[in-house]
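Here is a friendly tour of one protein chain, meant for reading with the structure open beside you. Take a moment to look it over, then follow the topics one by one.

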Amino acid sequence: MTKKLGLQTICTHVGEVKDEQFKGAVSPIYMSTSYQFEDVDVKRYPRYFNTPNQEFLSKKIAALEHAEAGMIFGSGMAAISTVLLAFLKTGDHIVVQNTLYGGTSNFIREEFPKYGIEFSFTDGYEVSDFEDKIQEHTKVIYIETPSNPLLTITDIKGVAALAKEKGLLSIIDNTFASPVNQNPIDFGIDIVLHSATKYLGGHSDILAGAVACSNEHMKIIWNVAKNLGGSLSDFMVWMLERSIKTLVLRVKAQNRNAKKLAKFLNSHSDIKNVYYPGLKSHPQYALAKSQMKGFGGMLSFELNDELDALSFQKALKLIKPSMSLAGVESTMLSPYKTSHGLLSQEERDRIGVTNGLIRFSVGIETKDDLIEDIEQAIKAVKKQAKVEA
């Protein structure tokens with residue numbers, strides 16, 4: 001039945017916990033950390049990811065990503081680290097896309113050597129770049145598309161096919177796209193990850209992670225997850241289930257705004273570069289169009305060299321210079337100080353994350369108000385530059 005439902009119906013109704021006692025319109029919250037162990041079908045415990053709220057929200061996540069199973073974690077990094085450690089052991093090797101969330105890169109670089117797990121970052125984003133890094137002991141290919149923060153696009157179907165040909169597991173971070181814009185399992189990807197803090201939560205008030213995959217793979221993930229303990233409290237699970245009900249409405253509004261803002265910035269004389277897969281000038285525009293239903297609410301840009309990125313962000317009045325992304329409110333940040341701050345300057349330079357790069361998470365505000373705010377901030381920073389000169 002789930003596969004026949006429309007996306008907005010899935011967001012609204014799948015994964016509800018039925019209020020059998022009082023017939024309330026929304027899911028009740030089961031806050032207990034202790035459940036009966038005798039004469040029950042399921043022995044429930046929060047760290048086992050199977051309290052009523054955890055169990056039912058996982059069904060919604062699975063339905064959204066066209067997967068057999070889903071699981072909710074305490075953060076995006078809890079989901080990412082658990083999945084990777086579930087399928088990699090000492091002596092194994094993983095091929096990793098060269099531009100992706102800085103926290104993931106840092107986890108791989110800092111933690112994998114302690115476990116004797118080897119890794120190779122690709123030189124580019126073509127399928128051949130991944131194939132070039134495969135070794136005899138490679139077990140996993142890990143991608144992120146669109147990537148954080150440069151919005152590069154990777155061929156999901158091509159990478160999935162390569163992984164299957166080589167007998168490898170394919171994993172994708174689908175955070176930037178969200179299930180509204182992209183469903184990687186339909187292209188052959190094995191495991192889909194999300195920082196549910198972002199679009200799934202959507203209101204900058206939830207920290208969570210999510211995984212969607214087959215039942216077979218989920219058994220392996222669960223076996224490690226229950227030992228690492230990265231579960232989410234039932235109140236936050238309830239909050240996330242509530243937030244996902246408006247996922248489609250929010251993301252489609254952000255898609256529209258981001259495309260308009262990208263075009264505005266791309267035509268602005270004080271903007272040097274704009275990175276957005278919905279622009280026809282984007283080098284992977286055709287690929288993005290072939291695998292995405294919408295181009296997303298994220299973009300990045302660089303001001304002209306004489307204009308300071310941090311001063312520009314401080315001059316904003318409506319758009320918040322703030323960490324994280326994908327809330328209903330628009331935010332900007334400098335990746336070199338935040339999402340990619342854990343990488344060295346050399347590492348950032350190699351992947352193109354310059355000190356002048358600004359990541360823009362476009363919200364649901366009126367487009368003209370966002371443009372006006374950007375314009376006044378540019379004027380302010382230009383005036384400041386003239387004074388300092």
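This is a predicted model: local features need pLDDT of at least 70, side-chain atom pairs count only at pLDDT 80 or more; totals for chains, interfaces and linings use all residues.

The largest nonpolar core has 44 residues, and a second, separate core has 34 residues. An open sheet of 5 strands is also there to be traced, and the count of salt bridges comes to 13.

**The nonpolar cores**

- In soluble globular proteins, nonpolar side chains tend to be buried together.
- Which residues have the most contacts inside the largest nonpolar core? They are Ile141, Leu200, Leu240, Ile244 and Leu247.

**The five-stranded sheet**

- Strands of a sheet pair through backbone hydrogen bonds, either parallel or antiparallel.
- The open sheet has the strand order S8-S9-S12-S11-S10, with mixed pairing.
- Which strands are at the edges? They are S8 (271–275) and S10 (320–321), each of which pairs on one side only.
- S8 and S9 pair in the antiparallel sense over 4 bridges, and Asn273 stands opposite Glu302 in S9.
- S9 (residues 298–303) runs antiparallel to S12, and 5 bridges join the two; Met298 has Ser361 as its bridge partner in S12.
- S11 (residues 331–333) also runs antiparallel to S12, joined by 3 bridges; here Met332 has Phe360 in S12 as its bridge partner.
- Is S12 (residues 357–361) mostly covered or exposed? Strand S12 is mostly covered, with 5 of its 5 residues buried.
- Leu357, Arg359 and Ser361 are on one side of S12, Ile358 and Phe360 are on the other, and both faces are covered.

**A parallel pair of strands**

- S2 (residues 93–96) and S3 (residues 118–121) run parallel and are joined by 4 bridges.
- His93 stands opposite Glu118 in S3.
- From S2, His93 and Val95 point one way and Ile94 and Val96 the other way, and all are buried.

- Thr104 lies in helix H4 (residues 102–115). Thr104 counts as buried because its relative accessible area is 0%, where buried means under 20%.
- Not counting residues up to four places away in sequence, Thr104 touches Met77, Ile80 and Tyr142.
- Asp373 sits in helix H14 (residues 367–388) and is buried too, with a relative accessible area of 5%.
- Which residues does Asp373 contact, leaving aside neighbours within four places in sequence? They are Leu316, Lys317, Leu318 and Ile319.
- For a sense of scale, Asp373 and Asp132 are 241 residues apart in sequence and 45 Å apart in space, C-alpha to C-alpha.

**Salt bridges**

- Side chains of opposite charge can pair when their charged atoms come close.
- Asp92 forms a salt bridge with Lys89, and their closest N and O atoms are 3.5 Å apart. Asp92 is buried at 4% relative accessibility, whereas Lys89 is exposed at 54%.
- Asp123 and Lys133 meet in a salt bridge of 3.6 Å, N to O. Asp123 is in the loop between S3 and helix H5 (127–133), and Lys133 is in H5.
- Asp123 is exposed, with a relative accessible area of 63%, while Lys133 is partly exposed at 23%.
- Asp270 forms a salt bridge with Lys382, with the closest N and O atoms 3.3 Å apart. Asp270 lies in the loop between H10 and S8 and Lys382 in helix H14, so this pair ties together parts that are 112 residues apart in sequence.
- Asp270 is buried, with a relative accessible area of 10%, and Lys382 is partly exposed at 33%.

- Ile29, Met31 and Phe235 make a nonpolar surface patch of about 270 Å².
- Where is Ile29? Ile29 is in the loop between helix H1 (7–13) and helix H2 (52–64).
- Ile29 is partly exposed, with a relative accessible area of 32%.

Terms used. Residues are numbered from 1 along each chain as its sequence is written. Side-chain values use heavy atoms; hydrogens and water are left out. Patches are made of residues with over 30% relative accessible area and no salt bridge: like charges are joined within 9 Å, nonpolar side chains (Val, Leu, Ile, Met, Phe, Trp, Tyr) within 5 Å. Accessible areas come from the Shrake-Rupley method with a 1.4 Å probe; for residues, only the protein chains shown count as cover. A salt bridge is a side-chain nitrogen of Lys or Arg within 4 Å of a carboxyl oxygen of Asp or Glu. Buried means under 20% relative accessible area, exposed over 50%, partly exposed in between (1.4 Å probe, protein chains only). A nonpolar core is a set of buried Ala, Val, Leu, Ile, Met, Phe, Trp, Tyr and Cys residues joined through side-chain atoms within 4.5 Å. Two strands pair if DSSP finds at least two bridges between them. Contact means heavy atoms within 4.5 Å.
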